[in-house]
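Here are my notes on this model, point by point. Have a look at the structure first, then read on.

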Amino acid sequence: MDIYKDAIRPLLLDLAKTDPEWLHQQTIRSLSWLGQNRVRPPGNWMNEQLKRSFCFNDERLEQNLFGLTFPNPLGLAAGFDKDGVAVPIWSSLGFGFAEMGTVTFHQQPGNPSPRLFRLPLDKAALNRMGFNNSGAEAMAIRLAEVKQNLRLIPIGLNLGKSKITTLEDAALDYRNSFHLLKDYGDYFVVNVSSPNTPGLRSLQDASMLSSILSALQQENSLKKPLFVKIAPDLEWQAITDIISLAKNYQLAGIIATNTTISRNGLRTQVIPKTGKSPQEEAGGISGVPLRERSTEVIRFIWQQTAGQIPIVGVGGIFTAEDAWEKITAGASLLQVYTGWIYEGPAMTKRILQGLLSKLEQNGFNSISEAIGSQK
């Protein structure tokens with residue numbers, strides 16, 4: 001019996017009609033406390049229980065990529081721990097890496113509430129959070145206090161543009177955040193694909209993105225791995241242009257993909273909180289509706305680059321089959337968010353065990369052999 005799926009989730013999603021943002025805040029607060037107290041009672045006992053329940057280790061799942069060691073390919077996507085308050089605990093929940101943020105140079109409250117909605121019929125979420133976070137300086141101070149020996153997995157930092165910054169000044173805004181945080185992230189992500197900051201997606205245009213990547217690499221004296229995170233709604237030519245930039249600016253890889261603005265095929269007719277249809281509500285859709293398109297984008301990037309640029313696959317991963325599909329399409333690493341909310345913390349272990357079975361069934365000795373194997 002999976003107590004989360006069988007008992008807790010129905011209570012939270014169906015009976016209590018709990019506000020998803022409030023629930024998220026309570027979860028983050030609890031995980032932050034656990035992270036801060038993981039080496040002393042009772043936190044150390046709880047931490048051991050988490051590891052016993054949710055971690056799964058096998059050297060066949062390990063990879064060394066862009067100078068970092070990933071104990072397994074399954075990571076936490078940006079958006080869950082926006083301010084990096086629970087960094088020490090993510091490894092205890094079975095993740096092979098975790099991405100903090102999105103963080104902006106200026107502290108900002110984000111968009112008005114309500115701004116996060118569950119779409120259970122679609123196993124999806126609709127969010128228009130708007131990069132709510134306490135700012136790059138506050139994150140830098142917080143991460144400086146996290147002892148290195150508590151960071152057991154690679155930690156990525158996802159950078160976004162402050163809402164008050166003009167598009168013309170975007171490059172400087174990203175550079176200022178990177179300047180404050182470059183000592184504290186193992187890799188960095190340029191987020192130009194959220195649909196919830198006005199004009200942000202226009203920064204995916206080749207000339208605009210080029211100025212941002214140039215500014216960051218000028219600041220990147222430590223040679224930290226840099227990624228760009230792209231939208232699933234881009235045309236193939238726009239993705240091709242971004243691939244060229246990734247090569248020109250020696251990026252470590254591409255994250256595919258962010259949430260989608262498409263509403264095609266949704267079963268949800270009305271969002272109870274607002275009384276409106278998803279088509280009438282602004283924001284990005286994550287979860288199962290994104291699964292197929294994100295895999296298509298992964299496969300396209302893999303084919304266009306002959307597998308030479310690492311891809312982090314995100315979008316609609318709920319099962320080992322979903323994860324395997326993205327890996328064999330070309331993803332070296334994976335990230336989850338919405339699936340983890342719906343399936344619960346036991347999902348990480350289930351997926352990792354399932355991936356190991358897939359390796360054995362297909363005669364592979366390591367996860368790296370499976371990447372891009374589905375031609």
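1. Gly-75 has Gln-335 in β13 as its bridge partner. Strands count as paired here if DSSP finds at least two bridges between them, and the element names are DSSP runs numbered from the N terminus, with helices being H or I of at least four residues and strands E of at least two. Before going further, the caveats: this is a predicted model, in which local features need pLDDT of at least 70 and side-chain atom pairs count only at pLDDT 80 or more, while totals for chains, interfaces and linings use all residues. Residues are numbered from 1 along each chain as its sequence is written, and side-chain values use heavy atoms, with hydrogens and water left out.

2. What joins strand β12 (residues 311–314) to β13? There are 3 bridges, and the two strands run parallel. Val-312 has Leu-333 as its bridge partner in β13, while Val-314 stands opposite Gln-335.

3. The accessibility classes are buried under 20% relative accessible area, exposed over 50% and partly exposed in between, with a 1.4 Å probe and protein chains only.

4. Now the whole sheet. A closed barrel of 8 strands goes β3-β4-β7-β8-β9-β10-β12-β13, with parallel pairing. Neighbouring strands of this sheet are turned by 25° against each other on average, direction ignored. Helix α6 (residues 206–219) packs on the sheet and touches β8 and β9 (226–230), its direction making about 155° with that of β8. For such angles, axes are lines fitted to C-alpha atoms (for helices over the stretch in contact), and values run from 0 to 180 degrees between N-to-C directions; contact means heavy atoms within 4.5 Å.

5. There is also an open sheet of 3 strands, ordered β5-β6-β11 with antiparallel pairing. Its edge strands are β5 (116–119) and β11 (284–287), each pairing on one side only. Strand β6 (residues 124–127) and β11 run antiparallel and are joined by 4 bridges, and Ala-125 stands opposite Ser-286 in β11. Helix α8 (residues 288–305) lies across β6 and β11, at about 90° to β11.

6. On to the rings: a search of the whole structure turns up 15 aromatic pairs. One of them is Phe-66 with Phe-70, edge-to-face at 5.6 Å centre to centre and 75° between the planes. The rings of Phe, Tyr and Trp (its six-membered ring) pair if their centres lie within 6.5 Å, with planes under 30 degrees apart counted as stacked, over 60 as edge-to-face and the rest as tilted. Phe-66 is partly exposed at 24% relative accessible area, whereas Phe-70 is buried at 0%. Ring pairs also link Phe-66, Phe-70, Phe-97, Tyr-187 and Phe-227 into a cluster.

7. Which residue lies over the face of Trp-236? Arg-293 does, at 4.4 Å from the ring centre. The cut-offs for a charge over a ring are NZ of Lys or CZ of Arg within 6 Å of the ring centre and within 35 degrees of the ring normal.

8. Some backbone spots to check by eye. The peptide bond from Pro-41 to Pro-42 is cis, with omega near -5°, and Pro-42 sits in the loop between α2 (20–36) and α3 (43–54). The bond from Ala-256 to Thr-257 is cis too, with omega near 15°; Thr-257 lies in the loop between β10 and β11.

9. Two non-glycine residues have positive phi. Phe-131 has phi near 55° and is buried at 4% relative accessibility, in the loop between β6 and α4 (136–144). Ala-306 has a phi of about 55°, but is exposed at 57%, in the loop between α8 and β12.
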